[in-house]
Amino acid sequence: MTPDFWRGRRVLVTGHTGFKGAWLCLWLTRLGARVTGLSLPPAGDPNLWSLLRMDGVHHLTGDVADADLVQGVLDRERPEIVLHLAAQSLVRPSYRDPVGTFRTNVLGVVAVLAAAAKTPGVGSVVVVTSDKCYENLERDAPYAEDDRMGGRDPYSASKGCAELAAASMRASFFAPHAAGGHPARIATARAGNVIGGGDWSEDRLIPDIVRGCLGPAGEVVLRYPAATRPWQHVLESLRGYLTLAEHLAAGTPGADSGWNFGPDRADERSVAEVAAAMVKGLGRGRVVTDPAAPTLHEARILRLDSTKAGRIGWRRGLTFERTMRMTADWYMAWAAGQDARALCEAQIDGYMQEIGTIDA
């Protein structure tokens, strides 16, 4: 990642009011980018987007699956780089609204890429999907970028479909894959389970722990304590997206493909281990296991092979212990009354110093 690359760049971030999108917009503005965001209004109270108070981002609201709306935004804003994060991003809500999940996660990708194919000046598009895009056989071996797409639950299947849709659009409308196609280069990015300060999403482990341990009950109830995931700090995955966008813009051979950005195998942990580490970091609360058998399917084990990311200079920068410490410190400081934006800025600046050492 080259900080100077972003200074003055016109960047469109979809899903900017979400957890990852808000962190990304703050980072981009600190790098000097000219950021436009397109998303639904922020959900829940509190939410990170509202707490960050980013007047420097051109904030637009709308449905990313509305092709005419998306085309109008690109026509007006003329972004050089598009970072497509907008999504229905949770497994359990996908059971309640499968139609909405597929609409947002698949048609949203098609709408963004169709608009990019008609917009002069767009040079790079990174479509963010998920590690759950793979057909999960519950195997011990990690999934690499050329493994089969799939998904049993609606969310996972929608992400597999999003990958197929992005590959089809790239082959049909963008050079050099399509003769006479638009010169923008298109890639997809698949990260592990992303955690960090400022996430209050429904049915997500870290927000559930924070709500439980800092709330009146003083406990967090786990549904799947043995489930193993590739946990990583939000800044790790965002650095992957930014690095990939730079390589697309530079025309790096093979960059316009799918990429995994996940932690090292040694940093994978079970849900129970993550909960215990978070409770320890918060300094309060206790973990309780739900004795009732889960009624909705969720994968028990999922690992990513991120070897390919080394080709573009990305590798894991934070250990599991460092990730949990940063996350717990953020929530404890915020609960004590510290400003959310100042907390995020301090962690971004500290992280950039750390990865400068890593990349040297």
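These legends describe close-up views of a predicted model. Local features need pLDDT of at least 70, side-chain atom pairs count only at pLDDT 80 or more, and totals for chains, interfaces and linings use all residues. Residues are numbered from 1 along each chain as its sequence is written, and side-chain values use heavy atoms, with hydrogens and water left out.

**View A. The largest nonpolar core and Ile209.** The largest nonpolar core has 75 residues. Such a core is a set of buried Ala, Val, Leu, Ile, Met, Phe, Trp, Tyr and Cys residues joined through side-chain atoms within 4.5 Å. Buried means under 20% relative accessible area, exposed over 50%, partly exposed in between (1.4 Å probe, protein chains only). Trp23, Leu28, Leu83 and Ile209 have the most contacts inside this core. Beyond neighbours within four places in sequence, Ile209 is in contact (heavy atoms within 4.5 Å) with Leu214, Val220, Ala275, Met278, Val279 and Leu282. A second, separate core of 24 residues includes Leu60, Ala111, Ala115 and Ala162.

View B. On a 1 Å grid over the protein atoms alone, a cavity is a set of points where a 1.4 Å probe fits but cannot get out; lining residues have an atom within 4 Å of a point. The largest cavity holds about 50 Å³ of space, a volume being the space filled by probe spheres set on grid points joined across faces, edges and corners. Strands (E, at least two residues) and helices (H or I, at least four) are DSSP runs, numbered from the N terminus. Thr323 lies in helix 10 (residues 320-335). Thr323 is buried, with a relative accessible area of 3%. Leaving aside neighbours within four places in sequence, Thr323 is in contact with Ile195, Gln232, His233 and Leu318.

**View C. The second largest cavity.** About 40 Å³ of space lies here. Among the lining residues are His84, Thr104, Asn105, Lys159 and Ala162. Helix 5 (98-116) and helix 6 (154-173) each give two or more residues to the lining of this cavity. Helix 5 supplies the largest share, 3 residues.

**View D. Cys133 and Cys161.** For Cys133, the nearest cysteine sulfur is that of Cys161, 11 Å away. Cys133 is buried, with a relative accessible area of 0%. Cys161 is partly exposed, at 31%.

Key. Disulfide = S-S within 2.5 Å. 1 Å grid on protein atoms, 1.4 Å probe; cavity = no way out; pocket = protein on both sides within 12 Å on 5 of 7 lines; lining within 4 Å.
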